[in-house]
Amino acid sequence: KLNYNYVKKFFESKDCVLLESEYINSHYKMRYVCSCKNKAVINWNSFRNGSRCRECGNKKIIYSR
């Protein structure tokens, strides 16, 4: 099982800030500040797999064309 410090450091390594004070499980939606400075919510599995906030996702789609 993952612990809070590991998850928090992983968010920081991606230039994001985790706003939660505990890690519950990989499906629990957590609040965070994305590297683009938007506040968003995401679960651990999605974040670990490279998903970010909606704005970053839209930019990724636009620039992939």
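Two strands pair if DSSP finds at least two bridges between them. In general, strands of a sheet pair through backbone hydrogen bonds, either parallel or antiparallel.

Before going further, a word on provenance: this is a predicted model, so local features need pLDDT of at least 70 and side-chain atom pairs count only at pLDDT 80 or more, while totals for chains, interfaces and linings use all residues. Residues are numbered from 1 along each chain as its sequence is written, and side-chain values use heavy atoms, with hydrogens and water left out.

Back to the strands. Strand 1 and strand 2 pair in the antiparallel sense over two bridges, and Leu18 stands opposite Tyr32 in strand 2. With a relative accessible area of 67%, Lys37 is exposed (exposed is over 50%, buried is under 20%, partly exposed is in between, using a 1.4 Å probe and protein chains only). If you want a landmark, Lys37 and Phe10 are 27 residues apart in sequence and 17 Å apart in space, C-alpha to C-alpha.

The protein has three helices and three strands, and from the N terminus on the elements run α-β-β-β-α-α.

What holds the hydrophobic side chains? As a general rule, nonpolar side chains in soluble globular proteins tend to be buried together. A nonpolar core is a set of buried Ala, Val, Leu, Ile, Met, Phe, Trp, Tyr and Cys residues joined through side-chain atoms within 4.5 Å. The largest one has 15 residues, of which Val7, Phe11, Met30, Tyr32, Trp44 and Phe47 touch the most other members. Two or more residues come from each of helix 1 (4-13), strand 2 (30-33), strand 3 (39-42) and helix 2 (44-48). Helix 1 gives the most to this core, with three residues.

Leaving aside its neighbours within four places in sequence, Met30 is in contact (heavy atoms within 4.5 Å) with Val7, Phe11, Leu18, Glu20, Tyr23, Ala40, Val41, Ile42, Asn43 and Trp44.

One name in that contact list, Glu20, leads on to the charged side chains. Side chains of opposite charge can pair when their charged atoms come close. The cut-off for a salt bridge is a side-chain nitrogen of Lys or Arg within 4 Å of a carboxyl oxygen of Asp or Glu, and a search of the whole structure finds two. In one of them, the side chains of Glu20 and Arg31 meet at 3.0 Å, N to O. This pair links distant parts of the chain: Glu20 is in the loop between strand 1 (17-18) and strand 2, and Arg31 is in strand 2, eleven residues apart. Glu20 is buried, at 13% relative accessible area, whereas Arg31 is partly exposed, at 42%.

The salt bridge between Glu55 and Lys59 has an N to O distance of 3.5 Å. Both residues lie in helix 3 (residues 54-63), four residues apart, about one turn of the helix. Glu55 is partly exposed at 38% relative accessibility, and Lys59 is partly exposed at 37%.

Finally, the overall numbers. A compact globule of 65 residues would have a radius of gyration near 11 Å, and the protein's 12 Å agrees with that; the radius is taken over C-alpha atoms, and the globule rule is 2.2 Å times the number of residues to the power 0.38. Along the principal axes, the C-alpha atoms fill a box of roughly 40 × 20 × 15 Å. Of the 65 residues, 29% count as buried. The accessible surface comes to about 4800 Å², with 47% belonging to carbon and sulfur atoms; areas come from the Shrake-Rupley method with a 1.4 Å probe, and for residues only the protein chains shown count as cover.
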